[in-house]
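Subject: Structure for your files

Hello,

Here is the structure you were waiting for. My notes follow below it.

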Amino acid sequence: MQSITENDLECIQIQKHFGSVRAVDNVSFEIPKGSFFSILGPSGCGKTTLMRMIAGFEQPSSGDIRIKGNSVIGTPPNRRNVKMVFQHLALFPMMNVYENIAYGLRCAGASKDVIRTKVHDVLERISLPDVANREITQLSGGQKQRIAIARCMVLDPDVLLLDEPLGALDLKLREAMKIELKLLQHQFDTTFVYITHDQSEALVMSDNVAIMNEGKFVQIGTPQELYHNPTAAFVAGFVGDTNRWAGRVIRAENGTVEVETEAGLTMRGSVRGSGAPGVGDTVSAFVRPEFITAEKTTGQPKVADQTHNVISGKIDSILFNGANSRALVRDRAGELIEADVVLTGGTQDLKPKDDVTLSWSCEQTMSFKG
Amino acid sequence: MMQNDIKRLSLFLLFAPFALWIILLIVLPHLGMFYISLQEKVGPRVYEFGLANYINFFNEPIYWNTLIRTGSMSMLVTVLALLLGFPIAYYIAKIAGNRTRGALFLMCLIPLWVSDLIRAFGWILLLRETGIISSSLQWAGLINTPIEFLYNDAAVIMGLVYTVILFMIVPLVSTLDGMDNSMIEAGYNLGGNGPTVLRRIIIPYAMPGIVSGCIVVFMLTAGSYLTPILLGGKNSSWFTEQIYDQFITRYNWESGAAFGFLLLAFTSLVIWGGLKLSGQTLNSTVARS
Amino acid sequence: MIMKLAIAGLLATTVMAAGPAQAETLRLLTWGSYAPDELVKKFEAANPDITVEVTFSNNEEMIAKLRATGGAGFDLAQPSHDRIYAVQQEYNIYKPLDLSKINVDAMQAKLLDGVKANTTIDGEVYAVPHQWGTSGLMANKTSAPDVKAWGDLCDPQYKGKTSMRLKRTILLGMAFDMGEDPFAAYADLDKYQTILDKVADKLISCKDNLKAYWKGGDDLSAMMMSGEIVASETWDSTAYKLHGENQDIVFVPPKTGALAWIDTFAIPRKGEADDAAYKWINFVLEPENVKIMSASTGAIAAVEGGKDLLPDDKKAAVNASFTDDDINNLKFFANIPAGVEDMEGKTLEKIKAATGSE
């Protein structure tokens, strides 16, 4: 299986069955050289199984995995040039930092001098030049993270797999490590495959993200594509915050639909995803809070038109979070709708119990059949 | 004030059983034994204070040969128990499912439900010339005349390994259990093959369990009595037999007490050496698991 | 094991000495089968104020137990006649018997006099006989018809098919077989040492001929019944038992004489129920009780006509083994002088440790 390709990693129609359970179902993707690729999905979606197949700890039931164009089916894990950063890092506690990093080089049979140079080199690159002789227990969480990456990178892998490595860190450190990981990836110019259930990690760091659900890849794209142009209801609901209505089409015309929600609201939306819903079909409609404008109801109420939905309601509560503050608005049908608001701290700010008018563009009302 | 007294009293009450146990059952008897071991018999009901019993031991090659023999066979048993116990422990801790685990542990425990004596008789029934193994080999046509498997050092070693292996498996399982599976996977992922992962990762990680298992097994073996006596052959002397003979058959408590202390000193020395060699401490091994 | 011995030793001293026995309890320290349930129940029925507690043991352990407590913890012990004199001198664990309280007339005069002679210190008698038996040879008549003497265990024609217990009995038996009289040599321990050295050489060269040393009646019986061995040193009672199951297996008194032991009654120095002890002694001397006892032990009671009080099968086995000549040729174990146990122990260790001619 030799083919000339620019892709570091290709998966072709991978399937993995555990008994009757399809953990990974017909997944195909390719990752170009030097990119940061994330697989994002809820827990139990099969992403860990997929990663373990790439690393060689599991064998796919069918399909092919190619690294730099060469099939690795049947190659044992220790012979694949794919390295992995484990969820809990799996640093070896009985070895110090130097030995942890040198382990892989020793396995590869490198000479003592080469090992020393390479270990010190990689420690320089992760900006921890002085920790070589520390014990693992003496390192901070962030340092451990970097050592775990260095331990893999010193072996110059074709692909680096990262299995939710930030999960165990506290919030502040996690934010910092997100940026750091991205920088490290640039610096090493190696393909990173990053597995996570945390959309913000995936969106911030990745060049491309695959959304995985129930063993299948639902959509692959850049973070912006996924956020703004989801091709499936699952993606729209899973990536980013959103308001969601289930409803029925009461009118449909080239690309737009009028939807009546279960609670009785009517709104116009743009049809997304595959399949054009006809009158009477059930649809899911999604609107992100940042696209909804909330204004105090004044004497002259706005009215809905061809391009905008308008409804009125009363503010139930205000969730203050600085620039990301949000209002929870109860509409006439009794549902809660989330809308981003700007709170300046002045007297004009919206307060609970205020009557408000919500408006958003029909284009931003993403409607999916089914 | 009152509170403090109550606290102190309850602490004392908690500590008392342990202290009593240590003092009454361990310290006092050993002091008594040590005192007896320093008595030299010079005539009926006449004793003198001296080291003759210890000197006697070193002057008589039979005694120290038996001690060395007991020591080296105990080490062999320890090594065999480790070699056999490690895969079993690894299987229990890392491969078996949760439910089979309990069953496997139980199977390892079952031999301990019967006494040493019964276990030894079990082996005798299996191994004797007219025993089960010999007869089935004959029945299968593999041998023509009955073979005696009993009454030799191999039988003693096999019987001892069988008796003590659980004490090797338990600490090994508990350390291996604490080892994250991803540690092993990381070992492979970074390029190690099976032997490398075993040698560089699993064994170093399990070292505290290995050492603590070895200490317990070595002590139990060197101090065992029934198994070597019942399964042993014409030439297989065991040091505890020597001690028993001194105490019981020869009425020579003084010398028996000295032998007891020599066995204690010898096993302690071996264990100290083992700890030094493996770079472990008692705290990191026996006290931990 | 060290620990167990240490604890046994020291705890025995403290605990047992501390617990005073109730006057109506008879604590009996004796051999396995020497206190059959039937007899104990009968005794308790006849003496409702006495309960009997039995501890089974052997010569060495009996002495070790009593030594640990200075003769406390038990009210009646049954060591062999040769294990009293030196032990009493060394450890002072028995008290003199009041012969007026014992029905000595029921005892066979020759055995009584022998035991009295063996156990009198400063004019005080410390033991009276209870039962006697012998150590000798056991052989399977069909496969080893020629076994007649101790030395025949070393006969190459039975290579790998004989056994013995590595204890003092075989040292003494082999000494007689080599034409020595070890009991006479007790008076001259240097001479005894040369005999022991000779015996050791013989037994070391004989090692190759043995299958294994037996450790107790069970393994000896198993080896003999399965045919793994054809001849062995044995206790007569074991041989009689096997004779009952396989008529080919017989007890053979060695031609130099079977070694005879007499188990006795002796009262520990700190015994607390002397009257009950005397009652028990007299009770088991009664002919109908002797029958029950002998059926259980397989040994012959030291009463007049003791042999006739054996159960029929045992009597037949004895008659099949012993002629009158054999009885007259019995060698009763002589008192063991101080120091002999140590000499014999060393010899036994030497034999055990030797790799023989292998």
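In what order do the elements of chain B run from the N terminus on? They go α-β-β-α-α-α-α-α-α-α-α-α-α-α, which comes to 12 helices and 2 strands. Here helices (H or I, at least four residues) and strands (E, at least two) are DSSP runs, numbered from the N terminus.

This is a predicted model, in which local features need pLDDT of at least 70 and side-chain atom pairs count only at pLDDT 80 or more, while totals for chains, interfaces and linings use all residues. Residues are numbered from 1 along each chain as its sequence is written, and chains are lettered from A and ligands numbered from 1 in the order in which they are written.

Chain B

The C-alpha atoms of chain B fill a box of roughly 80 × 70 × 35 Å along the principal axes. Two residues are in contact if their C-beta atoms, placed from the backbone, lie within 7 Å. Of the contacts in chain B between residues at least 6 apart in sequence, 71% join residues at least 24 apart.

Between chains

Chains B and C share the most contacts of the 2 pairs of chains in contact. Chain A and chain C have no contact, and their closest C-alpha atoms are 37 Å apart.

The contact between chains A and B takes 17 residues from chain A and 16 residues from chain B. On the chain B side, α8 (181-189) and α9 (194-222) each supply at least two residues. The largest share, 6 residues, comes from α8(B).

Regards
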